[in-house]
Amino acid sequence: MKRIRNIITFLVISFICVASFAQKQSLTQKADEAFYAKQYTIAVDLYKKAYADVSLNRQERDRILFCEAECYRFIDEREQAIKTYKRLVKAKYYNTQPKIFLHLADLERFNAQWDDAEYNYKEYLKLVPNDELAQRRLASINKAKQWMKNPTKHEIINQKELNTQWNDWSPKFLNDETEDKITFTSSRPSKEDAQNDVWTGEYLSNIYSSQKLKNGELGEGILFSVPDINSDDANDGEMVYVKIGKVDNYYFSRCKIYKNKELLCAIYSKPIEDKKSKNKNKNNKARNQKGGKEESTDGGSFVMLNLGDTSYNYLHPAISSDELTLYFSSDRPGGMGDYDIWKATRQSINEPFGNITNLGKQINTEGKEQFPTLRSDTRLYYSSDGLIGLGGYDIFYSDYQDGEWTEPTNLGYPINTQYDEIGIVFNKIEGEDSPSKAESGYFSSNREGGVGGDDIYSFYRAPLLFTIKGRVHNEESMQPIEGAKIKLSGSDKTNIETLTDKNGDYAFNNEQVKYNVLYTLQASQVDYINGEEKTESTIGLTTSKDFVRDFKLMPVTKAPIMLPEIRYDLGKWDLKDQYIDSLSDLMVVLLNNPSFVVELRSHTDIRPFPKITNDTLSQRRAESVVDFLFSRGVERARLIPKGYGDRIPRTLTSDTESEFNGKTYIFPKGVTLDEKYIKSLKTKGEQEAAHQLNRRSEFRIVRTDYISPEKLDSLEDAATKRPIIDMVKGTKPLPITTVPIIYTDNNIKLTMINGEKALVYIVLNGANVPAIYNERYKDAAVLDWDVAMAFLLTGRITKDDFKDKEKAFDKDGNILDESILIFKNASIGKHTADKYEVLVKKGMSEKMIVNKNGILNFGRFRFDKANGELIFE
């Protein structure tokens with residue numbers, strides 16, 4: 001079965017295939033006349049016979065071959081068209097007709113022969129470089145590959161009970177309320193002696209209906225029974241039904257057939273009833289066409305709408321819900337291309353349509369735009385072969401917003417394919433249309449695998465649902481944080497807050513997270529530094545998704561936090577441009593934590609300046625940092641400048657590098673860079689490097705309860721409605737256990753157990769832990785899981801004390817079994833060990849077990865079982 005649609009989709013004729021018509025016609029002239037009348041099935045046979053006339057010259061033979069190729073293209077004989085165009089390329093006929101390359105590329109793109117199509121588009125653009133339609137179709141190739149690689153989630157089903165070996169297309173709902181019946185157009189034979197279309201060789205098209213079956217599929221089509229809708233001598237189709245009150249109306253396309261004449265199409269509807277006239281014309285005879293009035297033109301109870309010069313085609317009606325705006329496709333003058341979408345309006349249903357306007361270049365192209373459908377009065381669906389798409393006709397939609405049509409959106413694959421997709425209709429949904437709701441309906445396509453030519457397909461896409469959830473942990477202990485506030489802000493002005501539960505979990509459900517929105521999330525909790533904002537986006541997604549966004553909040557520390565290096569000229573306090581980036585981290589903290597008040601601390605080295613004291617110099621340097629932060633929008637009330645001069649020399653918490661004159665010096669952990677220590681350094685370079693470490697800027701969080709005056713004024717007590725002055729929660733420090741001194745000399749007295757084991761107390765990060773000394777135990781030092789968790793929860797250890805850092809924890813913040821924990825400080829009496837490594841194990845009967853290797857970390861020793869002592873050498 002040839003894959004052809006109603007001939008109303010054909011291009012305007014190619015004038016190179018039009019010759020003068022003499023009284024006595026040759027085969028070539030007869031072929032040209034048939035081509036002119038768009039009777040392509042007749043023309044192609046005549047051209048083949050004419051081409052066999054060897055007396056013709058080369059130029060005329062090539063012209064005939066080109067016209068033959070055009071006929072094949074119009075009647076959708078793609079393979080024959082490709083072969084014929086390639087013969088013309090070989091004959092270099094593209095010098096006369098460059099569009100050979102364009103048509104060849106279009107057909108190859110239709111067959112998904114992407115590389116061949118790309119080559120021929122480029123060859124065409126070499127000859128016609130400014131053709132925007134060809135440029136878009138070339139760009140479509142890469143876009144089509146992307147769409148096919150990332151399909152939407154629509155399920156496409158061929159309606160096999162309805163479709164036939166012929167062409168079935170343009171489904172429409174007959175009743176928008178029940179949506180249990182559709183109408184469609186078909187070129188199947190309506191009766192035994194059905195007339196053929198001389199344009200296509202198919203039967204004349206008619207309008208049919210189909211009832212939806214219990215299984216949800218469409219049943220067999222039957223000829224639509226409304227009188228005069230279908231005719232015996234015309235192509236009828238693309239009917240749209242509208243009902244206002246109790247009045248039914250129908251709009252449809254009709255293309256009359258006249259032998260040896262070009263077929264023209266018009267839109268028909270019921271006649272306007274003149275309510276003032278008592279003598280209505282029951283036969284609906286012709287009305288004067290002048291002045292926009294109707295003309296019956298043998299439409300029976302339907303009349304042809306006057307939409308312009310009748311020498312052009314008007315078809316594919318789409319009507320607004322109030323029946324005052326009609327959209328249609330036409331090749332009338334003044335458009336952008338071959339067929340455009342136009343609009344006609346009227347003030348009441350008792351008036352004829354007028355004010356005909358083109359929808360403009362946002363909708364229309366140099367190609368063909370047809371089959372408009374209204375899903376609502378402000379959303380228009382239509383098919384185009386001129387916009388960037390996958391192949392032939394693709395279905396697009398555009399919204400009418402603020403007096404303009406939005407940029408058309410391609411429905412993507414698999415609704416659109418490299419074939420032709422036309423005539424879409426959607427099942428009604430409750431409320432506002434949104435991808436977050438299920439989407440279903442029908443459309444037609446001549447894609448491979450169908451029953452006939454054009455087939456009707458159903459489509460269904462499950463609702464696109466989105467959620468955002470996550471967990472908030474303590475950055476140091478990896479423990480979940482209960483009661484943390486998560487704020488969700490969307491580009492659609494969404495502002496939602498929720499709190500974490502006892503497990504630190506939060507969630508925003510699919511009613512809160514919408515499609516096509518960019519979201520930002522921020523976590524906050526009292527006595528924690530708020531995390532940076534994180535983003536998630538549902539914009540352009542084609543599948544449902546559950547987003548997961550976890551947060552780690554750093555507890556507020558009272559200890560000063562070093563800023564990256566900020567250097568000043570000698571004796572100066574002006575903040576240099578190259579060191580502004582050093583304040584970026586602090587800016588982030590302040591902006592994300594508007595309740596924080598910080599002290600900006602500046603320190604000098606111990607050497608005095610002749611004209612200014614170190615205290616004054618450091619104070620001015622701290623003030624320069626405050627001035628900068630204030631200029632960037634941080635309230636001055638949140639910034640406390642404090643110059644400490646040289647009064648607090650730096651104590652190093654880790655081995656620290658400092659560079660001077662290109663040489664790097666390393667200073668050990670634990671030293672205090674006071675005057676005595678620096679003077680003890682051997683070289684001038686070492687001393688300067690140490691001075692440099694003392695010259696530093698820090699910040700310290702001193703309050704977490706700041707409320708700006710503007711916000712404070714707006715806060716009211718819920719009960720009294722009086723302004724709230726103090727809404728700040730108090731903070732409770734983590735409990736710290738005092739560690740008693742148990743051992744004072746080299747002989748550690750133990751408590752013996754069964755003559756082989758002994759109890760010894762080991763101090764880990766300042767806490768006493770009773771450990772069983774067992775020389776036969778396989779592991780050097782093992783700590784019970786519950787004890788390790790207690791250390792974590794009391795802040796004595798953090799995730800950074802584990803060998804695997806955060807990987808040592810499960811999603812709930814629990815330490816994983818057999819994780820390696822490294823204590824910064826460990827001691828037995830006065831014997832110490834740095835970076836003391838233990839294995840954390842679950843289900844132990846003792847809090848801690850160590851063997852000989854576990855004690856050797858503290859120094860060489862021997863175990864005196866008789867006296868129950870560990871004796872360190």
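Reader: Let's start with Lys811: is it buried or exposed?

Author: Keep in mind that this is a predicted model. Lys811 is exposed, because its relative accessible area of 61% is over the 50% cut-off. Its salt-bridge partner is Asp812, with N and O 3.7 Å apart. Asp812 itself is partly exposed, at 28%.

Reader: And what's the idea behind such a pair?

Author: Side chains of opposite charge can pair when their charged atoms come close. Here the structure holds 45 salt bridges. Some share partners: Glu599, Arg601, Arg696, Glu698 and Arg700 are joined that way into one network.

Reader: Which residue does Lys122 pair with, and where do the two lie?

Author: Lys122 bridges to Glu118, and their closest N and O atoms are 3.1 Å apart.

Reader: What about Lys368: buried or exposed?

Author: Buried, since its relative accessible area is 8%, and the cut-off for buried is under 20%. Lys368 forms a salt bridge with Asp385, where the closest N and O atoms are 2.8 Å apart. This pair links distant parts of the chain, 17 residues apart: Lys368 is in the loop between strands 13 and 14, Asp385 in the loop between strands 15 and 16. Asp385 is buried as well, with 9%.

Reader: How much of the chain is buried overall?

Author: Buried residues make up 50% of the 873 residues. The accessible surface comes to about 43500 Å², and carbon and sulfur atoms account for 48% of that.

Reader: Now strands. How many helices and strands are there?

Author: The chain has 14 helices and 46 strands. As for the general idea, strands of a sheet pair through backbone hydrogen bonds, either parallel or antiparallel. Look at the open sheet of three strands in the order 37-46-45, where the pairing is antiparallel. Strand 37 (747-749) and strand 45 (861-864) are the edges, each pairing on one side only. On average, neighbouring strands here are turned by 20° against each other, direction ignored.

Reader: How many bridges join strand 37 and strand 46?

Author: Three, with strand 46 covering residues 869-872. To find the spot on screen, pick Asn747: Ile871 in strand 46 stands opposite.

Notes:
Residues numbered from 1 in each chain as written. Predicted model: local features only at pLDDT ≥ 70, side-chain atom pairs only at ≥ 80, totals over all residues. Heavy atoms only, no water. Pairing = 2+ DSSP bridges. Helix = DSSP H or I, 4+ residues; strand = E, 2+ residues; numbered from the N terminus. Axes fitted to C-alpha atoms, helices over the stretch in contact; angles between N-to-C directions. Buried < 20%, exposed > 50% of the residue type's maximum accessible area, 1.4 Å probe, protein only. Areas by Shrake-Rupley, 256 points an atom, 1.4 Å probe, with all protein chains shown as cover. Salt bridge = Lys/Arg side-chain N within 4 Å of Asp/Glu carboxyl O.
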